[in-house]
Structures are given as C-alpha cells and as structure tokens.
Amino acid sequence: MTTLDKDAFQPLEQTQGVHKLSRPSLSYWQDAWQRLRANRRAILSLYIIVGLLLFTFLGPLFWDVDPALQDVDQISQPPGADRSAYLVEDYLPWQGQAQPARGSGLTLAEPATTQAVRLVWAAQPGAAEYRVYRNIYPIGPERAFGLPLFETPAQQTFFEDRLDLKPRQYFYSVVVLDNRGQETDRWLSLTVDVKRVVTRSEAIERGLMDAAEEVPLGTEFKFALHPLGTDYLGRDMLARLMHGARISLFIGFFAPLLYILIGVIYGSTAGFVGGMTDQAMMRFADFVVALPFLLFMILFKVIFSISPGESGILPMLVAMIILLWPATARLVRGQILQIREEGYISAAQLLGAKTNYLVMRHMIPNTMGVILVTITFAVPGAIFTEAFLSFIGMGVAPPTPSWGSMCNEGRKTMLTTPHELIFPALFISVTVLAFNLLGDGLRDALDARMRNRD
Amino acid sequence: MSDPLLSISDLRVEFDTYGGIVQAVRGVSFDVQAGQTTAIVGESGCGKSVTVQSVMGLIPSPPGRITSGRAMLRGTNILGAKTINGQDIRGDQIGMIFQDPMTSLNPTMNIGSQIAETLIVHRGYGKSRAFQRAIELLEMSKIPEAEKRARQYPFEFSGGMLQRAMIAMAIACEPDILIADEPTTALDVTIQAQILDLLGDLQRERGMAIILITHDLGVVARMADEVLVMYAGQIVEQGSVDQIFYHSAHPYTLGLRAAMPTNDPSGSKRLSPIDGSPPDLFNPPPGCGYCPRCPQAMKICAGEPPPVIALDQGQSARCWLHHPDNPAAAKPNQAPTGQPGAMDE
Amino acid sequence: MLQYTVKRLILGIITVWFIATATFFGMHAVPGDPLTTDKALSPTIRKNLEEKYGLDKPLVTQYGIYLANLARGDFGISFTQENREVNDIIAEHFPVSATLGILAVIFAAVGGVLWGALTALYRNRLPDTIIMFLVILGISVPSFVVAALGQLSLVNLNQITGTSILPVGGWGTVWHMIVPSLVLGLSTMAYLTRLMRSSMLEIVNADFVRTAKAKGVPATQIFSRHQLRNAILPVITVLGPQIAIITTGGFVVEIIFAIPGLGRYFVQAVQQLDYTVIMGTTVFYGAFLVFMVILVDLIYGLIDPRVRLE
C-alpha cells in the first residue's frame, strides 16, 4: 500500500461541505408540462386536435362548397373517380331498328353511355319471351343475374336500358323464357363498360359550355371536383365533413364545458357547506346518475320534439347537461372533502389564512388537474353521444350534416360505396382517439404520484 | 468464529428511475451467524431494505438490477437464483416479515389459508393439515382464539395481530434465517415491545438467525448481537452491539447516537440532529458519502472513497480517520454511556 | 350481507320510481296532448287509452293510475298497434336483446380480464404494445361503426370465399349471434382490458404479492390466487355501468344486423312517437339496468370479504 500524503488528512474547510441539490426544483404545472411534452403520443394527439380545429374553421375558407348542394351527375362518387364526360346529342328515342344483331350473341347496338345502353341479340329458337337482367357483379356459376329490367316478346330482340346508369362496368344477361313464362337454362350475357356522357342541353345547363358556343360532339368535359367523393345525394363529402365537424366539435366542447362547470359548482358547494345540505344534494345527484343515460337522451329528444327546420343541436346540448353533471359533482365534492382534511390546509388556517385565500391558493389549484383530465375525457364522450344519437336518427335533423348522421346515411350504401361510411367514421375515430390519448397523457402528467414512478 | 450461515459479498444494486439510475446498494458485504441477530441500521433510503430484498429475490426487475455480488447460503450462491435443487429457499430456509402488516397480507384471503399456503408449497401438506398447522402457528405467535382467527380476513385484525400472523407465516417452515424488515415501525410502541419479545422467544426456541432491519437504535440495542450501520448504500461501520454503542468508530454512528434521546434525569442535554441530507444516489459523490455532513471531514474525504479499515475484535469502519497513514489516527472516541431509544428520522 | 342486499334493493326500487316519475312527467311535458297531436289515432285505440289512463282526469290522478299500473307490472297499450300490450312487446323482443347482451358481456368480461392480465405481465414488451394499441382503437371507434364495418367485412368475406361462412344479419341460430355479440362487446372489452391492466400493474407491486414471493409461492400460483382475484375487483365495479352501455349499444347492433330485439323496437317506437311503448320500454330498461348494477355489486361482495362481512 502506498503511503498517503499527510496533507490529505488536514481538516476540510466547511465551505466545501455544503450539500447542494443537484436537480432544479419545478412547480407543479412546469413539472406536468415537462412530462406531457415527453409523452410523444399526447403531443401527436395535440397536433391532431389543432389540425382538426383548422380543418373545421379554416377549411371552409379554402374549400368553399355548399354542403347541401347536390351534384346530380356525380352521385355516390368515390374519391378519385373519373370526372370526365363526353358531349353527345340530346336523347332521341330508339326503336331497335339501327342495326341487326351480329352473330348469335348479345351485342351493343351503339357504344354504351350513361344516357342509354342499347342491347340487341339474335333471336333464340323456341323463345316465347326474353328477360333482361343487369348486375354490378360478375354473374358467376350460380347465375346471379342481378336486377331484372324488362321482359320482351319473342319478336323484340332489342332492349334499351336507361335506368340510373353510372359510369362503371355492368353485366347484362338475357334469359330465354318458355311458353309458361318460366326461365329456361339458355341465356346470353355481355359485359359493358358505360361511359359518362353529357348532352348539349345538359352541358349548357351545368355551365360547362355557352349556348352560343359550337363544341364538337365527343368533346371531353370535366365535372366538378369532389376530393373525398360525394354521398348518395351527390353532396360533396369534404364540405359535409367540414360542416359536420362543427356540430361534433360544438357538442364535444360545449356540452362537457357546461356540465362540468355545473358539476364543479354543485359539488364544491356541497363539499363546502357539508352537513345535511351536502347529504341531500348528493342523494339527488345519486338519482340522476342512476338514470340510464342514452335512454333519457332519447326521451329528452322526444320531449323537446324539434319542429321542422331546427337542427336539434340545442335539445341535445340541454339534455346532456341535465344528465351528465352529477359525475363531476361527485368527483369535485370528494376532492374538496379530501383537501379540506389535508395537513397543509390546517397549517394555512393556523397561520391565519382566510377562506378566500384557501379556496384560491389551495382548493382550486389542487382540483384543477382532476377537472382538466375530466374535461379531456368528457370531450370524446360527448362526440360519441352525438354520433350515436344522430346515427339512430335521434340527433341532429337532416339536412344538417354531422359525423354521426353521415355515418347513418353512409351505412345504407356501404356495400356499394363504402367511402360514404368510412370517411365520417374515420373522423369520429381519429378525433376520439386523439382526445383519449391526450387525456391519458394529461392524467399521467398531472398525477403527482407518477413523479416517482417509471 | 464458525462458518457463517449466510455470507454476502460485494452486493451492488441499481434502479432505473424517472430521474436516472439510482445506485441503491454500492458494494455491501457481511456475514450472518447461525442463531444470532444481525441488525442493519440506517436512515430511510440508505439501502438496507434493498440489501435484504435482493437476497430474497424481491427486487422488482425492471426497474431494479443486481449488478454484482454473491450471497452464499451454506456454500451455495442464492443471489439471483430462484430455486436451489428445484426448491425455493424463500419461505423455506429464509422467512421474511415486512414493515406494514396491513398491506402485506392478501385482503381477499383468510389468514389461516395464507399461512397454510407456505406449508402446501414447501412441505406438500394437504389443505386441511396445513390449515391445522396454521392454527398451531398462530397459537405459537400468541394470537388468542387462533381457531377462530384463522378463518378471519386481514381487515378484521389489528396491526399488531397482523404482524404476529406474519411472523407465524414466516416461521411456518422453520427457517434458519428470519429477515425482519422494520417489523415494528408501523406499530404502536406498546405493541412493538410485544412483537420484539415474540421474535426473541422464537429465536431462542428455534435457534434461528435473525436479520433485523431498523432505523430504531432502541430496537438494535434490545435485539442485536451484530450491528451493521449503513449509509448511502454502503456499510460504514460494523461490529458487535457493544462496540457500536460504546466504541463507535465512524462519525456517522457517533452522529446517530448523538441524535438519540436519552433519559438523562438532568434533562439539560439537547438532541443534536445530523445537519444536511444523504447524498443523491443518482450521482454518488467521488469521496465519502458522509463527507458533506461530517464534522471531522478531511481533505481526502471529499475526493477519495474511504476503504474499509479493520479495527479491534471484528469491528470495522469505512472511514479515513482510522487509516494507518492518518497522523491523527487514534482510538475512536469513547462514547458517553447512554440509554438507547428511538432515533428520530 | 342480507341487510346490505335489502338496503340496496329498497334503494333500487326508489330509483326505479324516480325513473318512472321522470319519464311520466317528461312525456306529459310534451307540448300539447300526446293523444291529439299529429297522429290520427284509430277510435279503438283512443277509447282503450282513455279508459286505461283516465286522460280526462287531472294529471295527478293520471300519475296515480300510471304508478298503480306499473306496480302491477302493467306497462300499458301501444299507440300505434291496435290492442298490442307493451308487456307483450317486451316479452317477445326482450329475450332476444338479453341473449345478445349476455353474450356480449361474457365476451367483454372474459376477454378484458385475460387481455388485461396478459398485457400487465408483458408490460412494455411487444404483446403489450400491440394489444394496447388495439385497445385504444377499440375505445375510439364507435360501436355503430364497428358494427357496420363488421357487417361489411362479413359480406366481403362471404363474397370472396363464395360461401356463406356466417349470416350477415337476422336472428335464430347460434351462428347469427356470433358477430353481433362480438361487435357489441368489443368496446367494453377494450375498456375492461385497460382497467384490468392498470389494476394488475398496481397489484404486481403490491406488498402482499411481495409477501407471497417471500413465502416462495410459485409465480403461477401467485398470479391465480393473489393477483387475479384482487386485480379483478375494480373491473367488477365498472361492470354495472358497462352493462348499461352494452344494452344501449345493442340498439344500433340490432338495427344494423336486423335483429328483432327490444332495442330496435324501442328506436322504431321513438321514431313513430309511440308514447306508451317509449315510456314502457324506458322504465323497463331503467329498472333492468338499476337491478343489474345491484346484482353486480352483490357479486362484488361475494369476492371481496371487506364488503361481505360489513
């Protein structure tokens, strides 16, 4: 062992020995904010919510389309669909005389357009009648012919389809019927790609061309752009989503804000006053809590029985406020009672703090965190409720768009055009997700017990 | 001295926390002799509980981590090993009781079944036989009406009764070592004495070794044979109970003793607390952890960690004051005779 | 325990009375006489109703008649269907809703407890991350969207495979029940998973689990005897309110999957303003939910000795 320097054993000057805190101290809110910032999911959610607000309030400035306007040329258009239409002559009746059928099969007399699909076929031996079918799916071995369109007598071997034609692929079939009108196993089929056309008069009416203009037939026009497609009435999905967001966010923000405010006032009053008043107030709150929420929401809607022309938002708001305040009231009362028993309140009282000071300095800051978290979780709840009620037709009245009512409408066409359901559903889900994640982050950040965990 | 029953060497434990890595235990070594009581004493957060919990494999991992060390029980290293020869030594060869009996028992299971569980696991008893034995154990722990009590749930027991039940559970398999982690801290003073008496009686009857963790020097004086003083994750002084109380070698031990209330009839002596607080174990100081609070600190203390220096008759201290190179190295201060009492944390 | 049960039942009856009263005065607050507004009632129905409810008498008398009828378990007669009693409607349609609901609750509770326990044990590892992501998704997607998308994917699945794997709607066989009850229980399962996970995480570090470890109890036994039983308690406390959510969620699932349950009937009645059916089903559902909550609380008492013995 090496010998140590004797000087090292001289007494230490006391200045060096003062204990220093190696970490800076943080206030409650600073600490909470730091921890929230460290939570990547919560911050991402915050961005999503800000983006959503921009979409709702600034969006209509950039996408100035009336959400109620119906584009009859583009009904149930998925996003990114072909918007082109070719100019054709105005409709002229057709007697099947244009062309005889070529060969033995089913053929088109003219190119298929959204104006008309003109089919001709060769006469089939032994046919008493023909039945014409149209399907949007391939017919397949199980002979799913689809929609029966018409029955023609034996001598008529042509058919003109003008029924709600869309620019898409159709599967036509002609089935031979016997003397008793029963289908035989002989049938012809044809796959047809229908092109969208617009007649001269329609083009003028839609403002695609001037009446005076000489535009050659076959000129391609572009219909109005719908970035997210259109719904079953031809209304622009993007515009409707923006306007629907207003309803959803209005309910989502205001209902919680108001009922939590009422709950806070009610609960803190009960907590402060205490005694019999507190008991009576809380028993009443217990009964309101026991009311089955959605049933009573529906009941309220019936009671308020909105007259035509009203959107039905206000009754929904009122009903939510009436039914939802007790949970917050209970929570806040519990907090107040708990804080009242805390040592630091007694300490402050001993030091001569007045009630006002106690409320402002201790009670409010210590309940703020809980209330903030409650609000964050109440927002998705309110959005859900609005969507649910609108979905079962008990929410906002048509034509006011809301995400819930859009889902309801979209559900009816979901098998053919799922985008009408998926977009509003996506908006609801992402919004609710963002608020849930933010709520989680806030709760973790504000929970003082979490400081020493993880 | 005979071979130790349990020998712990160079134990180091770290925890990952929100603020960084805490080095909770920094190289702890000690021996436990059969039939003796070894007390580990120190203030909150000094690593005394972590030391015994690592031996028992109770360190939650993550965030906890045993980075080095060995714990030889009769020549077999049990540190980090769940079982030895397929047998869990926990509850069998080492029993343990905890600080807060109110939360340390399963609230939804009756007391008898919780004691019986140990016997079912280690002795392969049947349910009813184990339960019968549990009642006997409760009687041994001096719980009245044991038959009825065994069928009750923890919330129906008082704190002292629960701690007796915990002891009954810990001794069910007649372990060689009983670890008592602050067994009396959560209890009333009158109950404390009863629990300590019970532990003492059981030890005499069965020849168990007891590792007693406490911050109460009164408890140490009453129960211990050997004493380890821990500070900032290290053992700073080690010796027999007499050596620690009457020939304290480390300034920290002296500080602890000075902070102890006495029943000096003159009543003029004030308690002298130790100023400051223990070092931040996120970032242990390079030198002696006690240096900033030490009234006898020297230049070397701030920069160089002190080695363990052996003193007379098995006593040792981790302090530069006793280093042979220290010109002032002298016999440790003779302590004034004082009655042990509770140490104020 | 008996005293507790009786107390809870009495409170429950008072709550049902409160619901009935709120419903009655709520419906009578509808502007105008519900019988004379827009709907032209057939003379038979009108006569029946007047006899039954004493509509010419003052409101308080009507309330008395209403309560007396309710006390006998008589919910009244339909407005829109001649001579159809609300009791008959409930008797016919409620069993369907109840079957659907019970399946959904079982699925949600079993799934929630299992997934929650699993994620807690695999905390912050891959299975936990994946399941918790799905859980957040499950909580954030409304039940009607899940139901609609569930049906849509079922249709597509049947189409792709060319066979009918499971029916896309209707009711009758076990096969009809699978998808609707899964869809209905999904969000509750997600919620319970989350709850179970955090409850398990708290229990994992509980003192009594440490005691069990110190006793040398094997990990599987610690899990089944000590952790699960205690961690499940908070899950049970929320089961009552969750049953309410599943019940009302059943409305949309019944509509979408064309299931002839009471929920679908209730929504129809609301749309047709069939006042007696609305009142009857509301009170019935209200009473049902109140007693489900009581039942759940009593089950809680069986598991937690602290409640049972006090």
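I take helices (H or I, at least four residues) and strands (E, at least two) as DSSP runs, numbered from the N terminus. This is a predicted model, in which local features need pLDDT of at least 70, side-chain atom pairs count only at pLDDT 80 or more, and totals for chains, interfaces and linings use all residues. Residues are numbered from 1 along each chain as its sequence is written, chains are lettered from A and ligands numbered from 1 in the order in which they are written, and side-chain values use heavy atoms, with hydrogens and water left out.

**Entry 1: nonpolar patch**

The patch covers about 610 Å² and consists of A:L44, A:Y47, A:I48, A:I422, A:L426, A:V430 and C:L149. For a nonpolar patch, I join side chains of Val, Leu, Ile, Met, Phe, Trp and Tyr within 5 Å, from residues with over 30% relative accessible area and no salt bridge. A salt bridge is a side-chain nitrogen of Lys or Arg within 4 Å of a carboxyl oxygen of Asp or Glu. Areas come from the Shrake-Rupley method with a 1.4 Å probe, and for residues only the protein chains shown count as cover.

I then checked A:I48, which lies in helix α2 of chain A. With a relative accessible area of 32%, A:I48 is partly exposed (buried is under 20%, exposed over 50%, partly exposed in between).

**Entry 2: open sheet of chain B**

I found an open sheet of four strands in chain B, ordered β2-β1-β4-β5 with antiparallel pairing (two strands pair if DSSP finds at least two bridges between them). Its edge strands are β2 (20-32) and β5 (76-77), each pairing on one side only. Two antiparallel bridges link β4 (residues 64-73) of chain B to β5(B), and B:M72 has B:N77 as its bridge partner.

**Entry 3: strand β10 of chain B**

Strand β10 (residues 234-240) of chain B is largely enclosed by the rest of the structure, because six of its seven residues are buried. I count six bridges between β10(B) and the antiparallel strand β9 (residues 226-231) of chain B, with B:V227 opposite B:G239. The hairpin of β9(B) and β10(B) has two residues between the strands, and B:A232 in the turn has a positive phi of about 50 degrees. Two bridges also join β10(B) to the antiparallel β12 (residues 316-318) of chain B, where B:A317 stands opposite B:E237.

**Entry 4: B:N326**

I located B:N326 in the segment after β12 of chain B. B:N326 is buried, at 4% relative accessibility. Apart from neighbours within four places in sequence, B:N326 is in contact (heavy atoms within 4.5 Å) with A:F9, B:M298, B:W320 and B:L321.

Technical notes
Patch = residues over 30% accessible without salt bridge, like charges linked within 9 Å, V, L, I, M, F, W, Y side chains within 5 Å. Buried < 20%, exposed > 50% of the residue type's maximum accessible area, 1.4 Å probe, protein only.
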